[in-house]
Amino acid sequence: MTFGFAPSDAASLSQSSTSAEMSADAAHRLARMLEPAEWSAAGIPLLRNPREVVSGLHSRHQPTPMTAVVAVLDAEERLRASASFSLRASATDGWIFRNALLAQLRRIIPHDLRRRTPVRTAVLLYCREGDARWTQEDGAWMWGLRDACTLHGLRCGAYITLTRDGWQVLGEGRGGRRPSADSQPEALTGADPPTPRTGGAASDVLRRAAAR
């Protein structure tokens, strides 16, 4: 004779509730993500000289995989401020990425919320593993950049990936082999650039929040 125990109604309800919460959380994360077509349709301003911007940020911050570099450019595409940081979130979520970017922007440059129209543009360079094809992680960074720019009074600019294959401006189809995630930084030329910053206490707080 075999004895067994049927799951109680309370246990079944608890499991159903947990599954529903997990499904809702996954749906929210997918909503905080932009597809390449959505990004292209958003009217993101084109960089006049993307390779110069990428090379400059690569030389200043020397990013390695899982490093994000957020930079603020003026109307003439001159670099006004930049910061690099690493964020090891437990899940790909545009909300977490938005908060991380916003924290860095608040550290490096005053907001422009009092202006009717933005005069400065924020761009994001993300160094990661894999090839240049769009990923859900890219989509979450795109969503985060757009939202952080809105909250800081900036124009949302290009999202650029840096991999071992080179760099790629997503949504534009422009890219190049150098610099890459493996290449040595080029020497900077011209006037002294703004002092690059790396994520400090704000990044640590966000990493702890993401891990919870």
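1. The expected span of a helix is 1.5 Å times one less than its number of residues. Keep in mind that the model is predicted.

2. Start with the whole chain. The chain holds six helices and seven strands. Along the sequence they follow the pattern α-α-α-β-β-α-β-α-β-β-β-β-α. Of its 212 residues, 42% count as buried. Take the contacts in the chain with a separation of 6 or more: residues 24 or more positions apart account for 70% of them.

3. Back to helix 3. Helix 3 is mostly covered, with nine of its 12 residues buried. The buried residues are Pro50, Val53, Val54, Ser55, Gly56, Leu57, His58, Ser59 and His61. Gln62 follows helix 3 and has a positive phi, near 45°.

4. Helix 5 passes the length check too. At 1.5 Å a residue, its 17 residues should span 24 Å, and its end C-alpha atoms are 24 Å apart, which agrees. Buried in helix 5 are Asp138, Gly139, Ala140, Trp141, Met142, Trp143, Gly144, Leu145, Ala148, Cys149 and His152. Gly153 comes after helix 5, and its phi is positive, near 75°.

5. Next, the helix pair. The axes of helix 4 (residues 94-108) and helix 5 (residues 136-152) come within 7 Å and cross at roughly 45°. That angle makes helix 4 oblique to helix 5. The crossing of helix 4 and helix 5 is right-handed.

6. Which residues make this contact? Helix 4 supplies Gly94, Trp95, Phe97, Arg98, Leu101, Leu102, Leu105 and Arg106. Helix 5 supplies Glu137, Ala140, Trp141, Trp143, Gly144, Leu145, Asp147, Ala148, Leu151 and His152. The residues of the contact divide into 11 nonpolar, three polar and four charged. As background, an α-helix has 3.6 residues a turn, so residues three or four places apart point the same way.

7. Trp95 lies in helix 4. Is Trp95 buried or partly exposed? Its relative accessibility is 43%, so Trp95 counts as partly exposed. Leaving out residues up to four places away in sequence, Trp95 touches Arg32 and Trp143. Trp95 and Trp143 are 48 residues apart in sequence, yet their C-alpha atoms are 8.1 Å apart in space.

8. Leu34 is a loop residue. Leu34 is found between helix 1 (9-31) and helix 2 (36-41). Its relative accessibility is 4%, so Leu34 counts as buried. Residues up to four places away aside, Leu34 touches Trp39, Trp134, Gly139, Met142, Trp143 and Arg146. Trp141 is 107 residues from Leu34 in sequence, but 8.4 Å from Leu34 in space, C-alpha to C-alpha.

9. The last stop is a strand. Thr161 sits in strand 4 (residues 155-163). At 1% relative accessibility, Thr161 counts as buried, because buried means under 20%. Which residues is Thr161 in contact with, leaving aside neighbours within four places in sequence? They are Leu125, Tyr126, Arg128, Ala132, Asp138, Gly166, Trp167, Gln168 and Leu170. One of them, Asp138, is a buried residue of helix 5.

Key: Residues numbered from 1 in each chain as written. Predicted model: local features only at pLDDT ≥ 70, side-chain atom pairs only at ≥ 80, totals over all residues. Heavy atoms only, no water. Axes fitted to C-alpha atoms, helices over the stretch in contact; angles between N-to-C directions. Helix = DSSP H or I, 4+ residues; strand = E, 2+ residues; numbered from the N terminus. Parallel < 35°, antiparallel > 145°, perpendicular 65-115°, else oblique. Left-handed = near helix turned anticlockwise from the far one by under 90°. Contact = heavy atoms within 4.5 Å. Nonpolar A, V, L, I, M, F, W, Y, C, P; charged D, E, K, R; others polar. Buried < 20%, exposed > 50% of the residue type's maximum accessible area, 1.4 Å probe, protein only.
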